[in-house]
Amino acid sequence: MDMEEPRSLFFPPEFVPAVSHPLVEDRGPEVRHRVLVHSLYQYLHFTTVLEQVAIVPVTARISSNRSGVEAPKAMLADAFKITTDEAWHAQFSYDFIEEVERCSGVTATAMVEPNFVCLLDSIREVYTPGTGRALDLVAATVSETLVSSLLSEIPNDARLPGPVRALVADHAADEGRHHAYFRNFLRYLWPQLPKREQRTIGPRIPELVSAFLRPDLRAVAATLSASGFTQPETAEILGDCYPARSDAHGIRHAARSTVRSFREVGALDDLATNEAFLAAGLLAEPEASLGGCAADAGPPGSRRANG
């Protein structure tokens, strides 16, 4: 698909705090353009890797009845459809990078492996081979039940090129179904996990939420480096624009459906899991004393792209 005639804005600057930093603003519109184009590349790369690594392998196992979870036959058939959807999203995002390069004049040289891949690898190191499969199922469920404002806002952002908006709109149209599917799948998955696995995986769920939702600082650093900033300048921009524990309310809002889903299946009844959710800022303080039964709270806001 051909892009429309080139525009200066390829990604919403509201989702890229670095572009508002004085060091970036002082470099002028061309550097700002490069930072935003590289941010689009990071988004497309994240989507491609998420589908390939965290979603498609899981839905393929579910659809072939090899997930280890007993589920209705109709759920297996729906997993097959999701596998097809997500493989297409990965392929289209991968191919689209080349089209953006042609249209923007910016070469995609700053893409890094997303944080969630490194996190999954590190968590797997503490599991026996059989338990790692349960982790993959839970990670896919976390990813697919998070709420992304990018998916809702980019399609309606008239500042962006039409094909960018169309790509995200197509993705968003599928994600509503995928979200509902995984919320339902969790009702079969969690009760069938051995208690040992529940107690091991439960406290790590907030880490997965964070890896999917928080800005990937390695990716931002690579973007700034590719846009001409030195290492000290990059460190200054990251320190000023991405403070630790920033946007806690927005993350809690983006994760509210995920939290609700795990609460409904009893995951937060485990004390260690409940404490991990509370420490990560995913629960309001009163929820700790109520055993995780209070309503979610927090204003809207999320930068993450669902799988």
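Helix 3 and helix 7 are roughly antiparallel to each other, a label used for angles over 145 degrees, while under 35 counts as roughly parallel, 65 to 115 as roughly perpendicular and the rest as oblique. Before going on, this is a predicted model, where local features need pLDDT of at least 70, side-chain atom pairs count only at pLDDT 80 or more, and totals for chains, interfaces and linings use all residues. Residues are numbered from 1 along each chain as its sequence is written, and side-chain values use heavy atoms, with hydrogens and water left out.

Helices here are DSSP runs of H or I, at least four residues, and strands are runs of E, at least two, numbered from the N terminus.

Back to the pair. The axes of helix 3 (residues 73-104) and helix 7 come within 10 Å and cross at roughly 150°. Axes are lines fitted to C-alpha atoms, for helices over the stretch in contact, and angles run from 0 to 180 degrees between N-to-C directions. The crossing is left-handed, meaning that the near helix is turned anticlockwise from the far one by less than a right angle; clockwise would be right-handed.

What should its 31 residues, 162-192, span at 1.5 Å a residue? The answer is 45 Å, and the end C-alpha atoms are 45 Å apart, which agrees. The expected span is 1.5 Å times one less than the number of residues. Helix 7 also bends by about 30° at Leu-186, as the angle between axes fitted to the seven residues ending there and the seven starting there.

Now helix 2 (residues 29-63). Its axis and that of helix 7 come within 13 Å and cross at roughly 35°, again left-handed. Among the residues that meet are Leu-40, Tyr-43 and Glu-51 in helix 2, and Val-164, His-171 and Phe-185 in helix 7; contact means heavy atoms within 4.5 Å.

Last, helix 2 and helix 3 pack at an angle of about 160°, with their axes 8 Å apart. That makes helix 2 roughly antiparallel to helix 3. This crossing is left-handed too. In the loop between helix 2 and helix 3 lies Asn-65, whose phi is near 60°, a positive value in a residue other than glycine.
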